[in-house]
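Please look over the sequence and the model shown here before reading on.

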Amino acid sequence: MKYFNELPSKAISAFKRFPIVIAWSILGSIYVVSLIAVDARIFDDYTAEMLTLILGVSWLIGAQFFSESLRDKRIGWLLKLLIIGLLAVYYFSFPKEEFLSNPIIYIRWFLLFLAGHIFVFFAPFIKRWDKIDYWNYLQHIVISIARAALFSFVIFGGVALAILAVDELFNISISDDVYGQLYVICVGVVNTFIYLSDFPKKIHETQELHYNKALDVFLKYILIPILVLYLVIVYAYSVKIVLLWELPQGWVSYLITILAIIGFIIQIIIEPVRKTHSSILVKKFYPFFYLLLLPLLVLLFVAIYTRISDYNFTENRYFLVVLAVWILGISLYMIISKKKRLSLIPISLFILCILASYGPWSAFNVSVRAQVGELKQLVNKIKAQPEELISTDEASQFRNIATYLKEREKLQQLDAALGFKTNYIENSYSAGKRLLDSLYGSDRAKSITSHNNYQYDYYYYNQNDYNQQVKLAIENYHTLVEMHLRTSEAHRYQMSHDANHLVIKNQENTLIDFDIDSALIKSIKKYPDLDKAPQKELTYSFTNDTGDYKLVLKNLRFSKESKTTISLIHLSGYFLIKDKTN
């Protein structure tokens with residue numbers, strides 16, 4: 001009860017201590033709430049704004065903690081201004097709308113998001129180090145995160161249930177948008193206030209270690225047994241591959257990585273009490289865990305090497321290599337070092353996240369260069385022996401790499417090797433097929449692989465005219481609904497697709513049911529490059545007993561499975577309604 005009584009004063013103190021962070025969170029939340037109010041497509045039309053707002057919170061919190069550890073507060077303010085400036089650069093460097101499907105954008109964002117959170121875990125201890133202070137600080141972070149998440153969830157659930165009760169019991173029509181706005185307020189404002197208000201002002205010179213019984217139970221009866229279980233599984237697998245004399249599966253690398261990270265977490269928890277703890281498991285964790293881990297790292301590097309030697313680098317394999325090197329480095333440091341400065345664990349991981357995000361050594365540049373090289377070898381082989389077809393496996397690899405490069409808008413790097421420009425390829429789904437068609441001719445290209453693997457032709461349509469909704473609104477229809485395939489069941493209007501049937505319902509009432517498969521197959525015969533088809537080609541009108549309707553497709557991806565059927569991957573558009581009653 002004392003905590004709740006002190007919460008208002010703690011919130012005021014948090015605002016005084018973290019004015020930039022809280023202002024950023026409040027203004028960002030208000031902005032998102034206003035977008036929801038006007039039915040904006042937040043993660044479609046405002047991707048840059050959303051990702052930048054989310055990214056800024058942890059970086060600004062870390063900057064505040066770092067500035068508090070400095071004597072000259074002006075340096076702290078300069079750091080905050082620098083971070084805001086870099087966030088602005090990040091925002092304005094976002095690509096145009098048509099390139100937002102590039103996975104590099106989101107992987108890089110996640111790396112920066114992860115780096116920002118890791119920054120918080122060591123920011124006050126960049127210049128000053130004390131083992132007890134650092135351990136207490138980490139405990140405060142974990143408790144604050146857990147408490148803020150719990151309180152925010154309870155507040156959201158309680159208020160949302162109250163709104164639903166009013167809606168159902170008093171027949172008051174409350175928009176579904178209210179729940180989204182409530183969620184944004186709880187996560188962006190309530191969660192931030194509670195999280196920051198929990199942090200004690202005094203981070204350094206805490207003197208007393210706050211190691212509690214609950215943590216000790218969690219450590220001895222949950223974390224360490226899980227770690228031992230993982231060790232048994234991986235060592236048993238190691239014995240198996242030695243006896244069978246086979247190369248390790250790539251999946252084992254993930255298990256060893258998780259095992260190592262759990263071990264590092266345990267090391268952080270036990271370090272201040274390791275020498276004095278009553279449990280033999282805790283006392284002997286160091287150095288036996290690291291001595292048991294080192295042989296497994298050999299298995300880890302062999303598993304990674306096997307994957308890279310077969311298929312070269314991708315982002316995932318790059319990250320595995322970086323993590324493997326990091327785990328090896330931290331393990332050796334823990335074995336050799338007497339000081340065991342635990343902040344080195346997050347600091348080193350933070351540096352690797354930043355290095356992996358930008359520069360010629362980044363995950364993206366290394367991976368793209370590797371895959372471009374792989375595809376160039378296949379192209380050169382095809383051009384050197386035009387009368388001989390590449391194997392089925394090589395054709396599959398060719399298509400996979402072409403898809404990978406087109407998704408990242410890097411396929412043009414093959415233009416010189418191919419001898420022609422690749423800008424005619426509109427989408428990643430058919431990039432490999434179309435390149436093989438260009439190199440061999442479509443008939444010969446089909447004979448490379450089995451019919452079942454080659455029959456799927458992918459098509460793509462994207463309407464980027466965002467004034468389309470305004471144009472449609474003047475066509476004497478009473479209602480306009482933006483529809484998506486597999487819309488949430490909570491939505492009033494539902495769209496679903498089955499073989500030769502696209503069905504749109506208003507709750508339980510079917511409004512339209514038509515054969516979209518046949519309609520789209522006719523369209524691709526007229527427009528093989530579907531993305532260049534006029535809007536009217538993908539506009540469908542219907543009249544029945546319930547009303548007049550029009551469906552205008554906006555975004556579409558599908559594969560042709562047979563002469564009469566398609567498989568819809570994505571479909572969205574505008575559904576216009578004119579009821580007979582109006």
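At what angle do helix H13 and helix H15 pack, and how far apart are their axes? In this predicted model, helix H13, made of residues 315–336, packs against helix H15, made of residues 363–384, at an angle of about 125°, and their axes lie 9 Å apart. Because angles of 65 to 115 degrees count as roughly perpendicular and those over 145 as roughly antiparallel, H13 is oblique to H15. The crossing in which H13 passes H15 is right-handed. The residues that make this contact are listed by helix below.

| Helix | Residues in the contact |
|---|---|
| H13 | Glu315, Arg317, Tyr318 and Phe319 |
| H15 | Ala363, Phe364, Val366, Ser367 and Gln371 |

These helices belong to a chain that has 22 helices and 8 strands. Its 582 residues include 46% that count as buried, and its C-alpha atoms fill a box of roughly 80 × 70 × 45 Å along the principal axes. Among contacts between residues at least 6 apart in sequence, 68% join residues at least 24 apart.

At the start of H6, the backbone nitrogen of Ile104 has a side-chain oxygen of Asn102 within 3.0 Å. The buried residues of H6 include Pro103, Ile104 and Ile105, as well as Trp109, Leu111 and Leu112; also among them are Ala115, Gly116, Ile118, Phe119 and Val120.

How values were computed
Residues are numbered from 1 along each chain as its sequence is written. Side-chain values use heavy atoms; hydrogens and water are left out. Buried means under 20% relative accessible area, exposed over 50%, partly exposed in between (1.4 Å probe, protein chains only). Helices (H or I, at least four residues) and strands (E, at least two) are DSSP runs, numbered from the N terminus. A polar contact is a pair of N or O atoms within 3.5 Å; within protein, one must be able to donate a hydrogen and the other to accept it, and residues adjacent in sequence count only if both atoms are side-chain atoms. Axes are lines fitted to C-alpha atoms, for helices over the stretch in contact, and angles run from 0 to 180 degrees between N-to-C directions. Angles under 35 degrees count as roughly parallel, over 145 as roughly antiparallel, 65 to 115 as roughly perpendicular and the rest as oblique. A crossing is left-handed if the near helix is turned anticlockwise from the far one by less than a right angle, and right-handed if clockwise. Contact means heavy atoms within 4.5 Å.
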